[in-house]
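Colleague: Please take me through this model, beginning with the side chains and ending with the packing of the elements.

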Amino acid sequence: MQSPQLDVADKRISPPTYITRHRIDDGVPDHQFRFLTNGRGERESLIEELSSFGEKLKRKIQKSPFHWKGFGTLRFSSNELLFEPDEIQLAGLQPVPAQKVLRENVQHNMLVGDQEMTSQQVTDVLKKVESKRPWFMVVGWIIFILAMISIIILLYMKQFQTTSTGLQLRW
């Protein structure tokens, strides 16, 4: 079986396809003999039957090609067995068009934490702007920064001497 294929150029999905392959080897696995004999010890007679069937089929194929419907055609060409597989197509497995589908304003439920919410509710929660800081906090920070700047300027103008702070001991 070959898996389904996406054909981007033609915008279609091809169904899975089934391919029959021919292997040229003389051996029949033991598990197939066990299956055909149902576990009984008739292996030698089965081997003889398979050999005679193979010889008869070989003689028939040498005279004329043998077509097995749904499987393929066996024929001899210059003392070599050739196999031409039939293409297996199932009516239920046909190529289908592959078009992108973009939907707008679609609502669907999703689990957020332990709550079930719609996609619109999640979007609204994420869009919420954090509450602004109170105005008195902003004013307080501005006053603090201005005070620090004024202290630095005062120390700079007095050349960073300890007496520039205005704290002087008098005796």
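**Contacts and sheet**

Colleague: What does threonine 73 touch, not counting residues up to four places away in sequence?

Modeller: Beyond those sequence neighbours, threonine 73 touches Pro65, Phe66, His67, Leu82, Phe83 and Glu84, where contact means heavy atoms within 4.5 Å. This is a predicted model, in which local features need pLDDT of at least 70 and side-chain atom pairs count only at pLDDT 80 or more, while totals for chains, interfaces and linings use all residues. Residues are numbered from 1 along each chain as its sequence is written, and side-chain values use heavy atoms, with hydrogens and water left out.

Colleague: Buried or exposed, that threonine 73?

Modeller: Threonine 73 counts as buried at 12% relative accessibility. Buried means under 20% relative accessible area, exposed over 50%, and partly exposed in between, using a 1.4 Å probe and protein chains only.

Colleague: And which side chain does threonine 73 join in a polar contact?

Modeller: That of histidine 67, at 2.9 Å. A polar contact is a pair of N or O atoms within 3.5 Å; within protein, one must be able to donate a hydrogen and the other to accept it, and residues adjacent in sequence count only if both atoms are side-chain atoms.

Colleague: In which strand does threonine 73 lie?

Modeller: Threonine 73 lies in β4. Helices (H or I, at least four residues) and strands (E, at least two) are DSSP runs, numbered from the N terminus.

Colleague: What is the order of the sheet?

Modeller: The sheet is open, with three strands in the order β3-β4-β5 and antiparallel pairing. β3 (66-68) and β5 (80-85) stand at the edges with a single partner strand each, so one side of each has no neighbour in the sheet. The twist averages 20° from one strand to the next.

Colleague: Where is phenylalanine 71 found?

Modeller: In the loop between β3 and β4. Phenylalanine 71 is partly exposed, with a relative accessible area of 28%. Leaving aside neighbours within four places in sequence, phenylalanine 71 is in contact with Thr20, Phe83, Pro85 and Asp86.

Colleague: Now the helices. At what angle do α1 and α2 pack?

Modeller: α1 (residues 30-37) and α2 pack at about 100°, with their axes 10 Å apart. Axes are lines fitted to C-alpha atoms, for helices over the stretch in contact, and angles run from 0 to 180 degrees between N-to-C directions. α1 and α2 are therefore roughly perpendicular to each other; angles under 35 degrees count as roughly parallel, over 145 as roughly antiparallel, 65 to 115 as roughly perpendicular and the rest as oblique.

Colleague: Which strands does α2 lie across?

Modeller: α2 (residues 43-63) lies across β3, β4 and β5, running at about 75° to β4.

Methods. Pairing = 2+ DSSP bridges.
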